[in-house]
Amino acid sequence: MKLIIFGPPGAGKGTYANFLQERMGIQKISTGDLLRKEVKEGTQIGKKAKEYMDKGQLVPDELVIEVLKKELERIGKDNFILDGFPRTVSQAQKLDEMTKIDGLILIRIPEEILVEKLAGRRICSNPNCAAIYNVASIDKKIGRVHYYLPPMPPKKEGVCDKCGSPLIQRDDDKPEVIKERLKVYKKDSRPLLSYYRGKIPFIIIVPNRPPEEVIDRLIKKLEKLKEKS
Ligand code: AMP
């Protein structure tokens, strides 16, 4: 299946995509992870991308599409979940030229929760692992929904369970940059929902419980979608 996972920064796109990769064997493609890898390796693309990423702004399309195409060639084009791409209508149009997407998973979550989750996020410093953890502890009601999101810490503080590398906070998970990223999301990325509505099926999730609980509902919905297609 070819899927997009969509939602504001901090919604949990990467976490859910990791679960789907493990549970359904759908390969995750995160343009953010791919760009962070380029930055860490000090490539030309990485040097250019860093200027935008550090400010919470979008990296120019041509750079993002170059890393995406490279990855699609590496992993094959039939079974993937795009995390963090497309982020603009022009990227969506380019994606349409490359392939046909089967569905969009939309993560709905209030901004108040996002800010706390982003501040608590820790990632593995090894770009080939990029595991995600969270030290925030959220237990509050917003409107009619009760958000109960306990921390997702590693077994040993500051160390990745999967590969043993040190955990770090992303440079762009600092409060000033978070604000800019949310602004960019509203202005450039949210219009994508109108672009895709009616074109491809939407699968909506409300992540008000730990991902281990929400993921089963999501997998059921995806299996139904798979049967239909
Ligand atoms: P993410 O890990 O998805 O939150 O992405 C981190 C940063 O990488 C973003 O704030 C952007 O600066 C950049 N980035 C990732 N994906 C894209 C994209 N599709 N278009 C433009 N910039 C991107």
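This note goes through the charged side chains of the predicted model, point by point.

1. Basis. The model is predicted: local features require pLDDT of at least 70, side-chain atom pairs count only at pLDDT 80 or more, and totals for chains, interfaces and linings use all residues. Residues are numbered from 1 along each chain as its sequence is written, and side-chain values use heavy atoms, with hydrogens and water left out.

2. Salt bridges overall. The whole structure holds 19 salt bridges, a salt bridge being a side-chain nitrogen of Lys or Arg within 4 Å of a carboxyl oxygen of Asp or Glu.

3. Lys 94 and Asp 61. These side chains form a salt bridge with an N to O distance of 3.7 Å. The pair links distant parts of the chain, 33 residues apart: Lys 94 sits in helix α5 (residues 89-98) and Asp 61 in helix α4 (residues 61-75). Helices here are DSSP runs of H or I with at least four residues, strands are runs of E with at least two, and both are numbered from the N terminus. Asp 61 is buried at 18% relative accessible area, whereas Lys 94 is partly exposed at 34%. Buried means under 20% relative accessible area, exposed over 50%, and partly exposed in between (1.4 Å probe, protein chains only).

4. Glu 116 and Lys 140. Their salt bridge has an N to O distance of 2.8 Å. Glu 116 belongs to helix α6 (residues 111-120) and Lys 140 to strand β7 (residues 138-142), so the bridge ties together parts that are 24 residues apart in sequence. Glu 116 is partly exposed, with 29% relative accessible area; Lys 140 is also partly exposed, with 25%.

5. Glu 180 and Lys 183. This salt bridge (3.6 Å, N to O) lies within helix α7 (residues 175-189), where the two residues are separated by about one helical turn because they are three residues apart. Glu 180 is partly exposed at 21% relative accessible area, while Lys 183 counts as exposed at 56%.

6. The network around Arg 121. Salt bridges link Arg 121, Arg 170, Asp 172, Asp 173 and Arg 181 in a network. Arg 121 is part of strand β5 (residues 121-124) and counts as buried, with a relative accessibility of 14%. The side chains of Arg 121 and Asp 173 also make a polar contact of 2.9 Å. A polar contact is a pair of N or O atoms within 3.5 Å; within protein, one must be able to donate a hydrogen and the other to accept it, and residues adjacent in sequence count only if both atoms are side-chain atoms.

7. Lys 2. This residue of strand β1 (residues 2-6) is buried but has no salt bridge; Asp 78, the nearest side chain of opposite charge, is 5.5 Å away. What does the side chain of Lys 2 contact at 3.0 Å? The partner in that polar contact is the side chain of Thr 99.

8. Positive patch. Arg 217, Lys 220, Lys 221, Lys 224 and Lys 228 form a positive surface patch. Patches are made of residues with over 30% relative accessible area and no salt bridge, with like charges joined within 9 Å and nonpolar side chains (Val, Leu, Ile, Met, Phe, Trp, Tyr) within 5 Å. Lys and Arg count as positive and Asp and Glu as negative; His and the chain ends are not counted. Arg 217 is in helix α9 (residues 211-228) and is partly exposed, at 44% relative accessibility.

Key
Accessible areas come from the Shrake-Rupley method with a 1.4 Å probe; for residues, only the protein chains shown count as cover. The place of a charge is taken as NZ of Lys, CZ of Arg, CG of Asp or CD of Glu.
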